[in-house]
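Please open the model in a viewer and keep the selection panel at hand.

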Amino acid sequence: MTISHVFGSFIHRLRRPRSHAIGKSAVLLPLLLLVLSGCASSVSVVETWEGNPDAAANAAVLKAPGEIVVTRVNGRTMSNFLMDDLALDYALLPGENEVVFVYKTIWAKSEVVRNGESKVHVIESKPQVARFDAAAGETYAFEFEKPDSRAEAQQMIPQFSAAIVASSGQTVATSTDWDPSQAAALARTPLPESAQASGSVEMGEDTTPLDQLKAIWQTASDEEKKAFLRWAFE
């Protein structure tokens, strides 16, 4: 179920032959459109890094449709939005990226719903992970089987997998079940290839010690950050 379903239900109510309902809907419809358009414009692109790395200027983009809910990127937890089926673009720094997500669809119940019961069936996969090298400025998308019914969705869930596809149509990664125990416990920012090759972050002549600490902090793991803080406050 997507935003279009919400609008369809809303328009159906708008057409009911009740003057008071029409009056309320006529007022609420423009407000609903305004709110949804504002939300879409403000959260349509999600940055997946901390700070202001130079490589962000050439970030790649991963397009996630409403059925895909991205939960983590490179160890960082992604924000939860009010609408589960909101299509989002995730900006990725060039280099190796790890994306954790779930496939989630909502299907309306055809049977009578009792008070307090949910009016929809929620079909959700186990957490999936896809790892791939993102090229600067490239656009990637999810590809997966799209069921036509709830029964088909339930049948495909146990073997669900999604592909990450580049703009050329080439598959760069195929997702597998995510195992948190084997996941990189690093909420770290990918470095440009030049920095990875040298094992250091280049600094200019005018770089201050504070700038150096900030740059190193962006690439440090959670354990390294904790160890540094323990040392700093001893």
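Patches, as the term is used here, consist of residues with over 30% relative accessible area and no salt bridge, like charges being joined within 9 Å and nonpolar side chains (Val, Leu, Ile, Met, Phe, Trp, Tyr) within 5 Å. A salt bridge is a side-chain nitrogen of Lys or Arg within 4 Å of a carboxyl oxygen of Asp or Glu. Accessible areas come from the Shrake-Rupley method with a 1.4 Å probe, and for residues only the protein chains shown count as cover.

This is a predicted model, in which local features need pLDDT of at least 70 and side-chain atom pairs count only at pLDDT 80 or more, while totals for chains, interfaces and linings use all residues. Residues are numbered from 1 along each chain as its sequence is written, and side-chain values use heavy atoms, without hydrogens and water.

**The whole chain**

Display the protein chain first: six helices and 12 strands are present. Helices (H or I, at least four residues) and strands (E, at least two) are DSSP runs, numbered from the N terminus. Of its 234 residues, 32% count as buried; buried means under 20% relative accessible area, exposed over 50%, and partly exposed in between. The accessible surface of the chain comes to about 14,900 Å², and carbon and sulfur atoms hold 54% of this.

**The nonpolar patch**

Next, select Leu-210, Leu-213, Trp-217, Phe-228, Leu-229 and Trp-231, which make a nonpolar surface patch of about 620 Å². Helix H5 (209-219) and helix H6 (222-232) each contribute at least two residues to the patch. Trp-217 is located in helix H5 and counts as partly exposed because its relative accessibility is 32%.

**The six-stranded sheet**

Which strands form the open sheet, and in what order? The order is E1-E5-E2-E9-E10-E11, with mixed pairing; two strands pair if DSSP finds at least two bridges between them. Strand E1 (45-47) and strand E11 (171-174) stand at the edges with a single partner strand each, so one side of each has no neighbour in the sheet. On average, neighbouring strands of this sheet are turned by 25 degrees against each other, direction ignored, the axes being lines fitted to C-alpha atoms.

Now select strand E10 (residues 163-166), which pairs with E11 in the antiparallel sense over three bridges. Ile-164 stands opposite Ala-173 in E11.

**The loop at Asn-74**

Finally, select Asn-74, in the loop between strand E3 (68-73) and strand E4 (76-77). Is this residue buried or exposed? Asn-74 is buried, with a relative accessible area of 10%. Its phi is near 55 degrees, a positive value in a residue other than glycine. Most residues other than glycine have a negative phi.

Conventions
Buried < 20%, exposed > 50% of the residue type's maximum accessible area, 1.4 Å probe, protein only. Axes fitted to C-alpha atoms, helices over the stretch in contact; angles between N-to-C directions.
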